[in-house]
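Me: I would like to go through this model with you. Could we begin with its aromatic side chains?

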Amino acid sequence: MSMIRVLWATTLAALLAACASAPYAQRISERQAAYAAAAGAPVRQFRFFTLYSWEPLSDSQLAVYTRPNEAWLLDLGGGCPDLTFVNSIGLTSSVNQVMVGFDKVLTGRRSFPCTISQIRPIDVKSLKAVQQQQRLIKSAPRGTDKEATAQ
């Protein structure tokens with residue numbers, strides 16, 4: 001019976017290792033770098049009426065869009081463990097202002113609110129240009145069948 005468990009555990013470990021691919025980690029890293037490059041100097045607060053969209057970049061960083069062309073990069077002090085897995089988030093605000101050190105990101109009933117430690121405005125136009133460059137596919141023509149058989 002223990003041999004079956006060992007075989008099962010080995011198979012499971014191999015499957016998990018196959019899922020943890022370098023290209024995915026590279027894409028995440030490129031996305032984080034693109035947002036960081038498009039982010040401006042830190043600000044103390046931003047006006048907030050509605051959450052248009054959001055994108056988790058890590059457990060401690062989040063991009064929130066208040067309009068299609070207005071976004072903010074939020075750093076979360078102490079991290080926010082469930083951020084990359086939740087389907088929705090909330091933001092606290094006071095008098096339509098989200099402020100550093102005071103307001104929080106809400107990720108669910110069982111999670112503690114995550115304090116916003118830094119806010120930076122994102123140049124959305126610049127970000128979209130970088131993302132468009134990252135989407136370009138590098139292609140090269142295939143060799144002919146004669147070249148493949150010669151090798």
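**Aromatic cluster and surroundings**

Reply: F46, F48 and W72 are linked into a cluster by ring pairs. Rings of Phe, Tyr and Trp (its six-membered ring) pair if their centres lie within 6.5 Å; planes under 30 degrees apart count as stacked, over 60 as edge-to-face and the rest as tilted.

Me: What kind of model is this, and what are the ground rules?

Reply: This is a predicted model, in which local features need pLDDT of at least 70 and side-chain atom pairs count only at pLDDT 80 or more, while totals for chains, interfaces and linings use all residues. Residues are numbered from 1 along each chain as its sequence is written, and side-chain values use heavy atoms, with hydrogens and water left out.

Me: How many aromatic pairs does a search of the whole structure find?

Reply: The search finds two aromatic pairs. In one of them, the ring centres of F46 and F48 are 6.4 Å apart and the planes stand at 85°, so the pair is edge-to-face. The other, F46 with W72, is stacked, at 4.7 Å centre to centre and 15° between the planes.

Me: Which parts of the chain does the pair of F46 and W72 link?

Reply: Distant ones: F46 lies in strand β1 (residues 45-47) and W72 in strand β4 (residues 70-76), 26 residues apart. Helices (H or I, at least four residues) and strands (E, at least two) are DSSP runs, numbered from the N terminus.

Me: Are F46 and F48 buried or exposed?

Reply: F46 is buried at a relative accessible area of 2%, and F48 is buried at 9%. W72 is buried too. Buried means under 20% relative accessible area, exposed over 50%, and partly exposed in between (1.4 Å probe, protein chains only).

Me: What does F46 touch?

Reply: Not counting residues up to four places away in sequence, its contacts (heavy atoms within 4.5 Å) include V64, L74, L91, V98 and I119.

Me: Which residues have the most contacts inside the largest nonpolar core?

Reply: They are F46, L74 and V105, in a core of 18 residues. Strands β3 (61-67), β4 and β8 (114-122) are the elements that give two or more residues to this core. Apart from it lies another core, of 12 residues, among them A34, Y35, A39 and L57. A nonpolar core is a set of buried Ala, Val, Leu, Ile, Met, Phe, Trp, Tyr and Cys residues joined through side-chain atoms within 4.5 Å.

Me: Changing topic, where is D103?

Reply: D103 sits in the loop between β6 (97-99) and β7 (104-106).

Me: With which side chain does the side chain of D103 make a polar contact?

Reply: With that of T92, at 2.9 Å. A polar contact is a pair of N or O atoms within 3.5 Å; within protein, one must be able to donate a hydrogen and the other to accept it, and residues adjacent in sequence count only if both atoms are side-chain atoms.

Me: And how many helices and strands are there in the protein chain?

Reply: There are four helices and eight strands. Of the 151 residues, 29% count as buried.
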